[in-house]
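Reader: Hey, I've just opened this one up. Can you walk me through how it's put together?

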Amino acid sequence: MDFNKQLYLTKIILDREKIPDFSKYPFIIPVVKNFTELTLDSPVTFFIGENGIGKSTFIEAIAVNLGLPKEGGTQNFTYDTNDTTSELYKYLRITNIYKPKMKFFLRAESFYNFSSEIENLAQSGYVSLYKYYGGDLHKCSHGESFLKVMQNRFTDHGLYILDEPEAALSAQSQLSLLCLIDDLVKQGSQFIIATHSPFMLGILNAKIYDIDTKDYRVKKWNELENVKYFYEFFKSR
């Protein structure tokens, strides 16, 4: 498969000359301070790094720049529970060559708010759309509802931005998500994911960027520190 023909997001550029002050948030955080531009050439791109490095801020800025709600959903969602979005999205230039069938931002941190918005759909008369998302997500566990949305709503030829999806999922559910991602990639979809999970990072042919490094270094799965930590723990346990 020629993956390059199906990429919807191919380049991210930070307009550094327009940023007024790199000593203030969010421009002071490492993921922004060390960033200039990035070319995406894989249907699955991972961003990894330590807590506090700025992965979620960076992922959120990409999603909001593309017109997606910061708390999750497609561009058709307009809810705003708590305005904590950084200004980073205003300074990104994102290149789209092809238009995806759909765009979706899913983040574990604000999934409760997203689930409440799905419940509001039924109360507003959009019952069929409510069912399309899996119904009352609050009646499921966090992991079950998270996986249900992806299984019900993610389709072929889509652009999906995921922020730490493993936070809601068991190891078995993470493997189910891997299978779903693999199937959707074969159907022309693209994924951009921030994660710590060795399971998620194990997707074959994915591009992994270590954003702890100043040059956004590409690393192989077996070179990742968190993979080594898991390996050493299980070996010594």
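Predicted model: local features only at pLDDT ≥ 70, side-chain atom pairs only at ≥ 80, totals over all residues.

Reader: Let's start inside. How many residues has the largest nonpolar core, and which have the most contacts in it?

Author: That core has 33 residues, and Leu 9, Ile 12, Ile 62 and Ile 161 have the most contacts inside it. At least two residues each come from β1 (11-14), α1 (30-33), α2 (55-65), β4 (92-95), β6 (158-163) and β7 (190-194).

Reader: Which element gives the most to this core?

Author: That's α2, with 5 residues. Apart from this core there is another one of 30 residues, including Leu 147, Leu 162, Ala 168 and Ile 193.

Reader: Back to Ile 12. What does it touch, leaving out residues up to four places away in sequence?

Author: Quite a list: Phe 35, Thr 36, Glu 37, Leu 38, Leu 40, Phe 58, Ile 62, Leu 92, Arg 93 and Ile 94. Ile 94 is also the bridge partner of Ile 12 in β4. The β1 and β4 strands pair in the antiparallel sense over 4 bridges.

Reader: OK, what's the strand order in that 3-strand sheet?

Author: β2-β1-β4, an open sheet with antiparallel pairing. β2 (37-39) and β4 are at the edges with a single partner strand each, so one side of each has no neighbour in the sheet. From one strand to the next, the twist averages 10 degrees.

Reader: And which strands does α2 touch when it packs on that sheet?

Author: β1 and β4, with the direction of α2 making about 65 degrees with that of β4.

Reader: Switching topic: what's the order in the 6-strand sheet?

Author: β5-β6-β7-β3-β8-β9, again an open sheet, but here the pairing is mixed. β5 (102-107) and β9 (217-218) are the edge strands; each has a single partner, so one side of each is left without a neighbour in the sheet. Further in, β6 and β7 pair in the parallel sense over 5 bridges, and Asp 163 has Ala 194 as its bridge partner in β7.

Reader: Which helices pack there, and at what angles?

Author: α2 lies across β3 (44-48), β5, β6 and β7, at about 155 degrees to β6. α6 packs on the sheet too, touching β3, β6 and β7, and its direction makes about 145 degrees with that of β7.

Reader: Tell me about α6 itself. How far does it reach from its first C-alpha to its last?

Author: It reaches 23 Å over 16 residues (171-186), close to the 22 Å expected at 1.5 Å a residue.

Reader: Which of its residues are buried?

Author: Ser 173, Gln 174, Leu 177, Leu 178, Leu 180, Ile 181, Leu 184 and Val 185. They cover an arc of only 170 degrees around the axis, so they sit on the same side of α6. Gln 172 and Lys 186, on the other side, are exposed. Just after the helix, Gly 188 takes a positive phi of about 95 degrees.

Reader: Last one: is Thr 45 buried or exposed?

Author: Buried: its relative accessible area is 1%, and the cut-off for buried is under 20%. Thr 45 is in strand β3. Leaving aside neighbours within four places in sequence, Thr 45 is in contact with Leu 40, Phe 191, Ile 192, Ile 193, Lys 207 and Tyr 209.

How values were computed
Residues numbered from 1 in each chain as written. Heavy atoms only, no water. Core = buried A, V, L, I, M, F, W, Y, C linked by side-chain atoms within 4.5 Å. Buried < 20%, exposed > 50% of the residue type's maximum accessible area, 1.4 Å probe, protein only. Contact = heavy atoms within 4.5 Å. Pairing = 2+ DSSP bridges. Axes fitted to C-alpha atoms, helices over the stretch in contact; angles between N-to-C directions. Expected span 1.5 Å × (residues − 1). Arc of directions from axis to C-beta.
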